[in-house]
Amino acid sequence: RGHLKPAHLSTQAAWDGAGGAELLLALGVERVILPRETPLETIRKLAAEAPFALEVFVHGACCYSVSGRCWWSAALGPRSGNRGTCAQPCRRAYSALPGALETPSPWFSPKDLRLLGRIEELVEAGVRALKIEGRLKDAAYVGAVTRAYRSALDVAKHDSVGSIGQAGAIGLDEVFGRSSGEGFLSGAPSDWRTGQEAGHLGLEVGRLLGPGKGPGGVRVMLTQGLAPGDGLAWDDGDERRGARVTWVDQPGGTGERQLRLRGSGPNCEGTRLWRTFSAQGEDPFEGWDPAWERVGVSLRAEGREGAPLRLVAVARGLALRVEASSEGPLEAARGAGLETILPDRLGSLPPPFFLSELDLGGLAPGLFLRPKVLKATRRSLMEALEKVLAGRAPSPPSVSVSQLEPLPLPLPLPLPVPLPLAPPLPTRPAPAGQEGGVRLRLFRWQDLPALAHLRPEGGFVLPAVGARPSELEGLPGPMGFWLPPVTGPGAAESLEPLVEGLPSEAELLCLSWEALSLAASFPERRFALDWTFNIANSEAAALVGGIGLGLTASPEAPGPIPGAAAVGRLNPLVSLSRYPPGEGEPASFANSHGDRFTRLHLGHGCWGIFLHRPARPLPWPPGPSGATLDALLLEPGDPERVARWLASPSGGQPQHGQPQHGQPQR
């Protein structure tokens, strides 16, 4: 609100050009980080038409789910993938159901992204920034990856003849990384899984020939040179093992060689060997000046006779401010005053700080403070700075949703900046059926016969694809339909024929940004954003409601949100993904803990993963904004569970605020 500062929109928002560019521009967004699923053709189109700069992922780990559309980790425990604490369930091994005997496999573990050879195309497409995924990686990884991509970017930028060279590519193989591919850059990939190796592979350097001389000795056929200190890895059945190289008969040579390893090595002829660490690699800290990491601090001294000395420190580049006061009062000086002593006493600050400015304007001249007290005051000030810098200082109390001041509704339209791409949405009345009632949303038409006898107050929300008038007769109103998940520029337009064929009085539920484009194209229709849009606070809810869209709050919201329907989920959707399954793959599977899942095609190249149990109860009573119960019937007793849920304030489930297995602990 007010004077908006430029902002970057995270990939967690999954903005793909399907709608909402005008709203983002009005909110001050100057750059968008695109989802990893965005193909090059779409990147080119967005770079030419979007009113902000684009940032694109080029290297690092890929999520199975679309960015910001994963609730898998949160459904199994307290760690949320949408909030940076993912437990990576997609990297785990799964077995087919029912009761298949094959070895469990990480079916949902995608290869790492590696676009080193496509940088020139991205630059030509108009990409403004390259994004490298690498949180919690070590300095060797950061150094090798940034060197390789900096070199590739320089080649593309200067249109020079040549390549980044083999050394850069080899460096990427040696630092942490799984098997890699080009993701969705050329469209939905067919070969996208890591296979059994979902962890670090390294650079393949050769194969085992047999035992060698001496303790830990092996004979190998090398395609890449090795040196003492290098790390080797190999597969021993289902187990990944490794050891450090202690001796090489010819360091750096290829062909048949003798090695010695610390500990036991591989013993099966033909075993493939990977180098996971190079002792001869470049020092990632070479050329780095530690002084660059130091933080400049401005100090101000204040005080008068009889009052304490007050020191105020501001680290301007980091917006940090702390202060400390002396325990004893300032006295009149018999000799030199503090104005001549403090520049020496405060001039040298301990790392990582240095004094950039000393302001004595607030200190009366000719004052004295005992050296012991002055030293203690300075120490208190620096300790406070270090705690704030390290994030150890107590945080301000978190603000609950009920304490947030909601935006005025409706929002003033047009929005307070020029919107060159489309007119603003008209404001609409709240959709019918959300005035305290409960809507029942089904993911499949085949589930309707088992539940058609129910009479939810808010009516049914059914799949828009495959709707037949004969199946709608006798169902309680108001009726709603959920639209299939689409993506990219023109996606909303592709849904227009479907929208035109649906009953005019029905509310239409959208999974993402296409809601804004469709609402502008059909001002007489009612559209809503599903909980998959992850609205989790009252400010976002007020913004969406203020432009005339209905909405359902994210299941990860910390509490009820005014203006947003609540959601309860039977056999909840835990992942939305655009990775295509292999031909003949089973639809149902289980992990080693016995959690069972079903994969369902939701349309337009998008698949949903559903967990076979309720992950969170409805927060009854639903309140003035109503509630939606998502239902996918997977178990024999599921229709009865839905009926109990609709008939009882708690549906036989724990009350809101009582944790259960599969509900995030907050």
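**Cavities and pockets**

I started with the largest cavity, which has a volume of about 100 Å³. This is a predicted model, where local features need pLDDT of at least 70, side-chain atom pairs count only at pLDDT 80 or more, and totals for chains, interfaces and linings use all residues. Residues are numbered from 1 along each chain as its sequence is written, and side-chain values use heavy atoms, with hydrogens and water left out.

I checked the terms. On a 1 Å grid over the protein atoms alone, a cavity is a set of points where a 1.4 Å probe fits but cannot get out; a pocket is an open set with protein on both sides within 12 Å along at least five of seven lines; lining residues have an atom within 4 Å of a point. Grid points are joined across faces, edges and corners, and a volume is the space filled by probe spheres set on the points.

I found three cavities of 30 Å³ or more. Residues lining the largest cavity include Leu34, Arg36, Phe57 and Glu182. By class, its lining has nine nonpolar, one polar and two charged residues. (Ala, Val, Leu, Ile, Met, Phe, Trp, Tyr, Cys and Pro count as nonpolar, Asp, Glu, Lys and Arg as charged, the others, Gly among them, as polar.)

Next I took the largest pocket, with a volume of about 1000 Å³. I noted 36 lining residues, of which Cys63, Cys86, Gln88, Glu133 and Arg135 lie nearest the centre. The lining of the largest pocket divides into 14 nonpolar, twelve polar and ten charged residues.

**A sheet**

I then traced an open sheet of four strands, in the order S16-S15-S14-S18, with mixed pairing. Its edge strands are S16 (320-329) and S18 (353-363), each pairing on one side only. Helices (H or I, at least four residues) and strands (E, at least two) are DSSP runs, numbered from the N terminus. Two strands pair if DSSP finds at least two bridges between them. I saw seven bridges joining S15 (residues 308-315) to S16, and these strands run antiparallel. Arg310 stands opposite Ser325 in S16.

**Leu475**

Is Leu475 buried or exposed? I found it buried, with a relative accessible area of 14% (buried means under 20%, exposed over 50%, partly exposed in between, with a 1.4 Å probe and protein chains only). Leu475 sits in the loop between helix H10 (469-472) and strand S22 (480-482). Leaving out residues up to four places away in sequence, Leu475 touches Leu448, Ala452, Phe460 and Leu462 (contact means heavy atoms within 4.5 Å).
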